[in-house]
Amino acid sequence: MISSAKNHAHIILTLVFLCISVSLLEPIMGWILILVVCAVVMRSALYLDLHKHAPSVRTLNLLALLSAIVLAYFSFQLGVLLGMINLLVLACSLKLMQLRSIKDYYQLITCCGFLIGCGFIFQDSIGFSVFYLLLTLLLLLSLACHISPSLGLNKNFKSIAVMGGQALPIALLLFIVLPKIGPLWQMPTSKSHQTGLAEQVTPGDIAQLSQSAELAFRATFKGAIPTPQERYWRTLVMEEFDGKTWRVSSERKAIKVQYKQYNQEFKPTLKGRYFSYDVIAEPTHQNWLYSIDIGVPDGPQNSSKIWQSHEYQLSSNGPLVSNFQYSLRSYPDTSLNQTLYSVDRRINLQKPNKGNPKTQAWVNKLQQQYPNDQDFINQVLAFFAEQPFVYTLQPPLMQTNAIDTFLFEQQQGFCSHYASAMAYILRLADIPARLVTGYQGGEMREQDYMSVYQYDAHAWIEAWHSDKGWQRYDPTAIVAPNRVEFGLKTAIEDAAELIDSPFSLNRFSSITWLNDFRLLLHDIDFVWTKWILGFDRRSQEDLIKSLIGELTPKKLALFGLSVFALIGLLLAFFFLPSLHRRKVDCITQYYQKSEKLLAKLHIYRPISQGPIDFAYSVQRKLPSSLHQPFNQATKIYVQHQYTKTNEQQDSKNKARIKQQWQVLKKAVNRQLKH
């Protein structure tokens, strides 16, 4: 049995386990975290010698049985991945309470290392990566203190830091050459307010999303950069409306499944100027992607992982469980008129039979005055411009006849209110219309990259024209033109709304050095996302191809062998004794020099013989002129090795042993001459 009182290895391991558990706060259930805290408190009390005994084995077995029953009950709701992580944290908590033997310690060390790996499933930012790296070093420090408790914390930490530095080049090589494979588990789905847009929109949802300053995606342009008025990032098309909520059409989903079964992807004919850019999308656990109209994959590798549907919407082949990088070309001058008009018309003229009588009466009257579709649309836009509508993040609730209330009473709303109302108005006038959700705008970092945040979420509509196809209309731009030109912050006139908004975090942006520091952090995060998190199989192939040329089996085999040979050389350089000698202090050096002087006289110290015994044998074999300075050097060396001395004594001993070595050197030279 091992004791935990004043055991540095145990308390470091305890702190590491606590930090890992706190970092996994979201996936771990609350009662398991309470159990973690209890285990940490108990182990800390044993370390500080405030308590003498750990819980009995019978108590721990009973606690384990009850915890397993409760976890099994909740595991059906959690899913396999979250269930296994909660089980592992629960087991580590119980093992920490039971830490009695060396076997228990090694098992807990192994489990904590595995939990650090689990942390990267949920957090892969540069901040958390550094945090988990520090936890790994502390875990190794705990192991070093367990193996060599007499060395102390400082020496153990120094050795761990050195080995960590030695491991970096090897880790970098393995990062480059090891095959990139997808996750072996199904990630749990997340809520829309945490991950972005959803497949249904009720007016007010996007207003809630606009309170988030989370990053949605970044884009880097290879040439021309779209103007603010062109930065409409298409994400989802809503074509089903029940009078309150817009949804992705179930009929459209069925059509998409059918086309995928027969591998008949929509390929629009493109013309005119284009924007070429790369997008790095944040994890959403959904399939949809972001593009400026009309966006198409750039190159065969991007085409293989992106699907384009007939509503000009892009999606990935699987959910975005990590950062997803893809390249596009967008042709803004191409008309959206290349889909089946009959299908689009049938889906986008559906409307609820009941509700909003004022709007229906107003549309009938307006349509009689303006039977031409374009004239009718212009009058609707003029209505939004002339009436005292207010663009706000905090619209009032509109429970019944929401569109009537919005248009003729409250006249306050966010982008989804305006888009929803206009699309419904056009459908009442037998003009096919649909709601499009995505993002509008983006913060440009000089000419390097554009960051689009959740507060850039936006909704607009598309109406069908017989000659041009689908045309974009943004009633929000009529009510609040600054929203499109300068972004959401400028469009909000009521300062009170900024108190709880993400812009309240940027209220110090006018301070130059704080703003520069914020942008520096953004730049670091961009580089980390692009070159580390975005280093996928394609990037790996491109890098290896730039090093060895065309990828053939023979070249790949030689490249792999070369990398492993280089790793072997690094390990040999780090650990072979002939290449990595320990640095000897000054007093030891002079003692070893004294031994070499005696070797000239054919007197050698056997490996099994100690310094003092060797000095006695020298005294018997050599005259006093030789053995006396060597005896004095031996005494100084032994005192240095086995007695604690201060700096002043060490300085005197260095001078004394050097003097004795010089005397011995002269005596040996005289002896050799005779």
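Start with the surface of the whole protein chain. Its accessible area comes to about 35700 Å². Carbon and sulfur atoms account for 58% of that. Keep in mind throughout that this is a predicted model.

**The whole chain**

Stay zoomed out. The C-alpha atoms fill a box of roughly 130 × 65 × 55 Å along the principal axes. The radius of gyration is 36 Å, whereas a compact globule of 674 residues would have one near 26 Å. Now switch to a cartoon view. The protein chain shows 26 helices and 18 strands. Of its 674 residues, 44% count as buried. That label means under 20% relative accessible area. Next, think about contacts between residues at least 6 apart in sequence. Of these, 74% join residues at least 24 apart.

**Stop one: helix H3**

Select residues 57-78. This is helix H3, with 22 residues. From first C-alpha to last, H3 reaches 29 Å, close to the 32 Å expected at 1.5 Å a residue. Where is the kink in H3 centred? Click on Ala 72: the kink there is about 30°.

Now show three side chains: Leu 60, Ser 67 and Leu 71. These are the buried residues of H3. An α-helix has 3.6 residues a turn, so residues three or four places apart point the same way. Keep that rule in view as you look at Ser 67 and Leu 71, both buried.

What covers the buried residues of H3? The cover includes helix H2 (30-47) and helix H4 (80-97). Then step just past the end of H3. Gly 79 sits there with a positive phi of about 95°.

**Stop two: strand S16**

Show the side chains. In a regular strand, side chains alternate between the two faces of the sheet. Which residues of S16 point one way, and which the other? Tyr 449, Ser 451 and Tyr 453 point one way, while Met 450 and Val 452 point the other way.

Now bring back the partners. Strand S2 (residues 215-221) pairs with S16 in the antiparallel sense, over 4 bridges. Find Phe 217: its bridge partner in S16 is Val 452. Strand S15 (residues 443-445) is also antiparallel to S16, with 3 bridges. Here Glu 443 has Ser 451 as its bridge partner.

Follow the chain from S15 to S16. The two form a hairpin with 3 residues between them. Click on Glu 446 in the turn, which has a positive phi of about 50°.

Find His 465 and look across to S18: Gly 469 stands opposite.

**Last stop: a sheet of three strands**

Select S1, S5 and S4. These 3 strands form an open sheet in the order S1-S5-S4, with antiparallel pairing. Strand S1 (200-201) and strand S4 (240-241) stand at the edges, each with a single partner strand, so one side of each is left without a neighbour in the sheet.

Zoom in on S4 and strand S5 (residues 246-247). The two run antiparallel, joined by 2 bridges.

Methods. Residues are numbered from 1 along each chain as its sequence is written. This is a predicted model: local features need pLDDT of at least 70, side-chain atom pairs count only at pLDDT 80 or more; totals for chains, interfaces and linings use all residues. Side-chain values use heavy atoms; hydrogens and water are left out. The expected span of a helix is 1.5 Å times one less than its number of residues. The bend at a residue is the angle between axes fitted to the seven residues ending there and the seven starting there. Buried means under 20% relative accessible area, exposed over 50%, partly exposed in between (1.4 Å probe, protein chains only). Contact means heavy atoms within 4.5 Å. The radius of gyration is taken over C-alpha atoms; the globule rule is 2.2 Å times the number of residues to the power 0.38. Accessible areas come from the Shrake-Rupley method with a 1.4 Å probe; for residues, only the protein chains shown count as cover. Two strands pair if DSSP finds at least two bridges between them.
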